[in-house]
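The sequence and structure come first.

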Amino acid sequence: MLQIALCDDQVEELERVTELVKAYTRLHPELDSTVRPFQSGYDLLECVRNRGGFDLYLLDVMMPEPDGLAIGAAIRKGDREAMLVYLTSSPDYAVASYRVQAMDYLLKPVERDAIFSLLDRAAERARAAMPSVTVRTKDGLAVVPLAEIVSVESGDHAARYILADGRTLTTGTVRSFDEVAAALLGEPCFLRVGASFVVNMLYVDSMTKEQFTMRGGMKIPIPRLKRGEVRQAFLDFMLQRGRGV
């Protein structure tokens, strides 16, 4: 999960950059990203104290006290790993931003390409920290981040992993699909759908009573006797995600 905080006292710029970040997160559902905008540094720091920190902070430099540099210094006292990025109308603040080990700075007005490139780098760091699973195929072992798995299907005494980049990994003979599923179901985004499928709900495009349609068009049937249970689990997951935005 990539939790992003954005702080800028200029409402129009805050709303514009928030929409750019949301556009990026829609293109990368596997990151399970959330973005939370703040117009005040005090509100951001209060949120951090009460609910915990974020993975990535996008901070305007020039704000009423506390300004972006003071906010970054306060965050750094309790979090050495968070990614700090400054938004500024002047590159003169670049040196000051590195005093709090800032990841980068972006010149305002922030352009789509610039922030998408920055978010790509942040996403790579987030993926590196994500849990993974080792899949034994006929070609050897493959270490696959859980966030890149769209679904897993049981068939012919093997398991087929469908990945977000379009690849399919097929295991050798597995003793039990339950063991394969257990390696995934510890993460809240995975849902067992009957005896033969596990789906990553972050990749679900739509759901009907009879099936999930995954991103890319794959259809996954929902067993008749499991429809109520599966539907409720999916709705609960989506509701929980909404609360985190």
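Of the chain's 245 residues, 47% count as buried, a term for a relative accessible area under 20%, with exposed meaning over 50% and partly exposed in between (1.4 Å probe, protein chains only). The model is predicted, so local features need pLDDT of at least 70 and side-chain atom pairs count only at pLDDT 80 or more, while totals for chains, interfaces and linings use all residues. Residues are numbered from 1 along each chain as its sequence is written, and side-chain values use heavy atoms, with hydrogens and water left out.

The chain has 7 helices and 15 strands; these are DSSP runs numbered from the N terminus, with at least four residues for helices (H or I) and at least two for strands (E). Along the principal axes, the C-alpha atoms fill a box of roughly 60 × 40 × 30 Å. Contact means heavy atoms within 4.5 Å. Among contacts in the chain with a separation of 6 or more, 50% are between residues 24 or more positions apart.

The aromatic rings come next. The structure holds 4 aromatic pairs. Rings of Phe, Tyr and Trp (its six-membered ring) pair if their centres lie within 6.5 Å; planes under 30 degrees apart count as stacked, over 60 as edge-to-face and the rest as tilted. Two of the pairs are listed here.

| Pair | Centre to centre | Angle between planes | Class |
|---|---|---|---|
| Phe38 and Phe54 | 6.1 Å | 80° | edge-to-face |
| Phe54 and Tyr57 | 5.8 Å | 75° | edge-to-face |

The pair of Phe38 and Phe54 links distant parts of the chain, 16 residues apart. Phe38 belongs to strand E2 (residues 34-38), and Phe54 to the loop between helix H2 (41-51) and strand E3 (56-60). Phe38 and Phe54 are both buried, and Tyr57 is buried as well. Ring pairs join Phe38, Phe54 and Tyr57 into a cluster. Over the ring of Phe54 sits the charged end of Arg51, 4.5 Å from the ring centre; this applies if NZ of Lys or CZ of Arg is within 6 Å of the ring centre and within 35 degrees of the ring normal.

Elsewhere, Ser151 lies in strand E8 (residues 149-155). Why does Ser151 count as buried? Because its relative accessibility is 1%. Leaving aside residues up to four places away in sequence, Ser151 touches Arg160, Tyr161, Ile162, Val198, Val199, Met218 and Ile220.
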